[in-house]
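Visitor: Could you take me through this model, one question at a time, and say how each answer is reached?

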Amino acid sequence: PSPITVTSTADAPDWIPGVGNCDDGTGRCTLRAAIMEANATAGAATIILPAGTYAISIAGTGEDAAETGDLDITDDLTITGAGADTTIIDGASLDRVFEVHPGVTAEILNVTMSGGAGGAEAGGIVNRSTLTLTRSTVSGNSGSIGGGIRNFGRLALLRSTVSGNTSP
């Protein structure tokens with residue numbers, strides 16, 4: 001499939017996931033909507049994330065469809081930002097930033113993940129499968145286990161930084 005290009009820094013779900021069109025119901029393609037569309041469409045997907053700050057604003061925990069709280073990745077996905085210094089995903093202390101679910105291969109390039117609050121797990125990323133971070137930063141997250149990243153699978157860090165995260 002063609003890459004999905006995010007057009008809005010707002011946090012809104014996809015109106016109708018799986019129809020091949022990223023749309024939050026107002027014509028915008030948000031990061032949450034793009035991930036929901038990618039999860040609902042068969043096969044690997046690519047999301048292009050322009051420079052900007054993408055703050056999570058929809059609270060919710062325990063839901064695994066990316067509709068609320070953290071951004072759940074449930075199908076193979078590559079997210080490519082414009083640069084870790086200019087493309088920032090902020091958990092806004094509402095939830096962790098990403099959860100990579102079992103059986104998935106995910107790659108995140110040129111993105112900073114910060115402001116995540118993971119409660120019982122890491123605030124930045126919980127990886128339950130295969131994740132590669134390239135030229136990315138995980139910083140300023142908190143969680144009771146892991147702080148920045150809690151890894152249950154395979155994790156590769158390529159020219160990436162994990163620092164300034166907290167865990168009791």
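Visitor: At what N to O distance do the side chains of Arg-128 and Glu-121 meet in a salt bridge?
Guide: This is a predicted model, in which local features need pLDDT of at least 70 and side-chain atom pairs count only at pLDDT 80 or more, while totals for chains, interfaces and linings use all residues. Residues are numbered from 1 along each chain as its sequence is written, and side-chain values use heavy atoms, with hydrogens and water left out. A salt bridge is a side-chain nitrogen of Lys or Arg within 4 Å of a carboxyl oxygen of Asp or Glu. For Arg-128 and Glu-121, the distance from N to O is 2.8 Å.

Visitor: Is Glu-121 buried or exposed?
Guide: Buried means under 20% relative accessible area, exposed means over 50%, and partly exposed lies in between, with a 1.4 Å probe and protein chains only. Arg-128 counts as partly exposed because its relative accessibility is 28%. Glu-121 has a relative accessible area of 14%, and therefore counts as buried.

Visitor: Which residues do salt bridges that share partners join into one network?
Guide: Arg-96 forms a salt bridge with Asp-70, with the closest N and O atoms 2.8 Å apart, and its side chain also meets that of Glu-99 in a salt bridge at 3.4 Å, N to O. Salt bridges that share partners join into one network the residues Asp-70, Arg-96, Glu-99, Glu-121, Arg-128 and Arg-150.

Visitor: How many residues apart are Arg-96 and Asp-70, the pair that links distant parts of the chain?
Guide: Arg-96 counts as buried because its relative accessibility is 9%, and Asp-70 is buried at a relative accessible area of 2%. Helices (H or I, at least four residues) and strands (E, at least two) are DSSP runs, numbered from the N terminus. Arg-96 is in the loop between β6 (87-90) and β7 (98-100), whereas Asp-70 is in the loop between β3 (52-55) and β4 (71-73), which puts the two residues apart by 26.

Visitor: In β8, which residue is the bridge partner of Thr-78?
Guide: Strand β5 (residues 77-81) and strand β8 (residues 105-109) pair in the parallel sense over four bridges. In β8, the bridge partner of Thr-78 is Glu-107.

Visitor: In β9, which residue is the bridge partner of Ile-89?
Guide: The covered face of β6 has Thr-87 and Ile-89, and the uncovered one has Ile-88 and Asp-90. Three bridges join β6 to strand β9 (residues 112-114), and the two run parallel. In β9, the bridge partner of Ile-89 is Met-113.

How values were computed. Pairing = 2+ DSSP bridges.
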